[in-house]
Amino acid sequence: MLQSRKGAGTGPHSIQQAHKKNEKVAGELRIWPTLRHYGRPGPPERWGIPFRRAPLKGPMPNIPHDPAAAYSERLAARKAARDAFDARFDRIANLRLAVFLLAALMAGLAFWGSMHPAWLLLPIAGFVALAVRHESVARGRARADAAVGYYEKGLRRIAGDWPGDGVQDVAAQERDHPYAPDLDLFGPASLFELLCQAQTASGRTRLAGWMQRPQAAADIRARQEAVRELAPRLDLREDLARLGLDVRGAVRGSTLARWSVRPAELTGGWAPRGYLALTVATVLALLVFIQWNIGFPFLILFTIQLLLLGTTAKRAVRVLMAVEEPERELRVLIHLLDRLGAEQFEAPVLRSIRERLTEDGKDAAARIRQLERLVYLFNLQMNQLFFPVSLLLMWSVHFAFAIESWRLRWGRHLPDWLAAVGEFEALLSLAAFAWEHPDYPYPEIVEGEPLLEGKALRHPLLKPGVCVPNGVTLGGAHRITIVSGSNMSGKSTYLRVVGINVVLAQLGAPVAAGSMRLTPFQIGATLRVQDSIQSGVSRFYAELQRLKAVSDLISRDIPVLFLLDEILHGTNSHDRQVGAEALVRSFVERGAIGFVTTHDLALTKAADAMGEAAANVHFSDHLEGSELIFDYTMRPGVVEHSNALQLMANLGLLPEAK
């Protein structure tokens, strides 16, 4: 039985996480959602709700929420915080100017001998303190501004005005994919743009991969549980969004992966301990020289150091140059991991992600922070005042060995750490989608013979209230539905509605429907087939190539759902009828189920020949005066008329219309 998703993801544990008391964090006012959005008075601990995970099966807690109201409230609070930071920034700027003028006045008085120059230290110290505070306020203002942008985008998503706001990432679409271009999964105004809130390249890649590959039923159900738990965690999504400006430009998994496996410049063994012993001996010799004026041991040892530095300096520099680019990425990744580490999870998928970010009792953030400190200390030698000391201590060599040691020990974990963060971000994107659409149910994922049932399916990329809902029923003896209809009546859109909701279902997300029940599918579609001048391929031959690709999918283990639009419309009626009927019969006999749309009413007769395995449905229109009216409602049976001539007449393309 399909579970209701009213108040999706607002389980007891999640509500306790969402409703903490108002608090100030890092100088920024944090306003948490009021309890009125959840329809219950008082704090969670007074409700008598046990602290446990909401079960995957069974009715969801009936705790409604209004995402637009919650976002609007938080947006107002973040705007107020931003205005407060602006006012504070201006006050500090004025104070800095006043302190600077005071310092200039005191410098003049000191120059003319009217006051002691030591008094200048007071305004200088005050100016430095104000500069530090000014920078802190600027960072707080930037964080508040990022939060404002996040909630403004969220409100536009809820209203359906989101195209152009999100990540389009056309490059994420795999070459010659069997359904991604047909269902508008990537590019402008795409499903990926609507869903993706991942800040790292790893997160975007993981979400794109899920969208383009079929998933096992158990994996889908596990993701549903994770998405339910994450859905109400608005603060977590906001915090990661506030990191976004740094993360999106910094964390590129390819750079870190290359650095983690590059050949070692400095190997371990006896060398690090030998260099350390030499340094200690040199320092002791220097102390002897200072205390007793015996300089020969120091001169010998320091000369040996210089010679060894000459042989290792180039390799040490290469270590520094190699870590320079990923070091910034790792520094930003620390903030992401720290924020994730502050969360507690119950869903097995989320707990597994946390475990992957832990090694030998220390989490990934601690390990990466250790590397960050090593790189910072390594770079101290660039300071001119510290350089003589670094030369004496063989600073660059010791820290080059330490950095290489870290990389050789922990670098192999970086790809998995990034993958874990990416998986979490992909789930968090689905959770945001779920929370912003409380009327969307989670589909029931079943196993066994191919099955696709749904009521009131709508297109998630269209504005609320625009798409006319229609149902879908495939499975058992019924294997194929032939959809006929006049031009512009909604046949192709219906196939896209079915396909994109199947994609959402297999992601583990809720679907734009009244209810839905399905087995996992590999999708094959021919909704957007184009010719190619460069390849010398006609539209008809391009369609044949796509049909061959769909046919090849059927030989795999996962059942195929085919969505064939205007099948073989590039050839004559006889060849189309014979070829299309043979093709779809072959698909069905090999275990696939799906839809075929057609203008050619002769093709609808194939349903009669296939018996109970096939059924005809249609979309129609009617005339009101000279205007064609479409209701986009699917009905049983074959369409009884065409509107091509009327459309031509309405556009003045027929002589009698002039």
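I looked first for disulfides, taken as pairs of cysteine sulfur atoms within 2.5 Å, and the search of the whole structure found 0. I note that this is a predicted model, in which local features need pLDDT of at least 70 and side-chain atom pairs count only at pLDDT 80 or more, while totals for chains, interfaces and linings use all residues. Residues are numbered from 1 along each chain as its sequence is written, and side-chain values use heavy atoms, with hydrogens and water left out.

Cys-196 counts as buried because its relative accessibility is 7%, and Cys-467 counts as buried because its value is 16%.

Next I looked up the nonpolar cores, which are sets of buried Ala, Val, Leu, Ile, Met, Phe, Trp, Tyr and Cys residues joined through side-chain atoms within 4.5 Å. The largest has 114 residues, and those with the most contacts inside it are Leu-185, Phe-424 and Leu-452. Helix H15 (residues 414-436) gives the most to this core, with 14 residues; helices here are DSSP runs of H or I with at least four residues, numbered from the N terminus. I also found a second, separate core of 22 residues, which includes Leu-553, Val-584, Ala-607 and Ala-614.

For Leu-452 I listed contacts (heavy atoms within 4.5 Å), leaving aside neighbours within four places in sequence, and among them are Val-498, Val-502, Phe-521 and Leu-561.

Last I turned to helix H16, where 15 of the 17 residues are buried, and just after H16 I saw that Gly-508 takes a positive phi of about 100°.

Note on methods: Buried < 20%, exposed > 50% of the residue type's maximum accessible area, 1.4 Å probe, protein only. Helix = DSSP H or I, 4+ residues; strand = E, 2+ residues; numbered from the N terminus.
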